[in-house]
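This report describes a protein model in plain terms. Look at the sequence and the structure before reading on.

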Amino acid sequence: MAESPVEPWERQSGESPQAFEAFAAYRDLGAARSVAKVAGELGKSRTLLFRWSRQYAWVMRAAAYDREQDRVFLAEQRQARRDVARRHAKIAQAVLGKAVARLQALDPRELSVSELLRYFQVAAEIERRAIGEEPSGAETSVGEQGTHVAALTDEERWARMDQLRRELERRLSEGMR
């Protein structure tokens, strides 16, 4: 059976345990690594360590180790993001179930116009996100062609809210069937 290849940051063929110990100390110093620091740390001759560094390609091996550590770290980050997304999705499903049950119990006639408008805005935002549209931001735009509530007259605002109330009632009654 063939031996698996030795990674650059592992002990190399022909490398003595002492030379590898010195390399490992160099490798583990990170961005601040230097042969002189390792010599001081291990109490060894700088000349010897510079010779080992050249002979066993410490700079190249340490760079390969750094790249591998970065790759591992990024893979761990991706996995952590997936775990968080799964956990949040489960929580969202539970909360959504509770919210739907509560919404079905609401009598739309008991809600104020501003409450109806807010329910509609939130529902529309959720619907947009569900089909992949970008969030509309903190604007208070609702209605056809992105009409801004602030730009409407009081009469237009009341008419729009009445329209939204009817739409919400229709959707709620359809959802209860």
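Which residues are exposed on the other side of helix 5? They are R118, I126, R129 and A130. The model is predicted: local features need pLDDT of at least 70 and side-chain atom pairs pLDDT 80 or more, while totals for chains, interfaces and linings use all residues. Residues are numbered from 1 along each chain as its sequence is written, and side-chain values use heavy atoms, without hydrogens and water.

**Helix 5**

Helices are DSSP runs of H or I with at least four residues, numbered from the N terminus. Buried means under 20% relative accessible area, exposed over 50%, and partly exposed in between, with a 1.4 Å probe and protein chains only.

| Group in helix 5 | Residues |
|---|---|
| Buried | L116, L117, F120, Q121, A124, E125 |
| Exposed | R118, I126, R129, A130 |

Just after helix 5, G132 has a positive phi of about 90°.

**Nonpolar cores**

A nonpolar core is a set of buried Ala, Val, Leu, Ile, Met, Phe, Trp, Tyr and Cys residues joined through side-chain atoms within 4.5 Å. The largest one has 16 residues, and those with the most contacts inside it are A22, Y26, V38, L49, W52 and W58. Helix 1 (17–28), helix 2 (35–42), helix 3 (46–55) and helix 4 (58–105) each supply at least two residues of this core. Helix 1 gives the largest share, five residues. A second, separate core of five residues includes L106, L111, L116 and L172.
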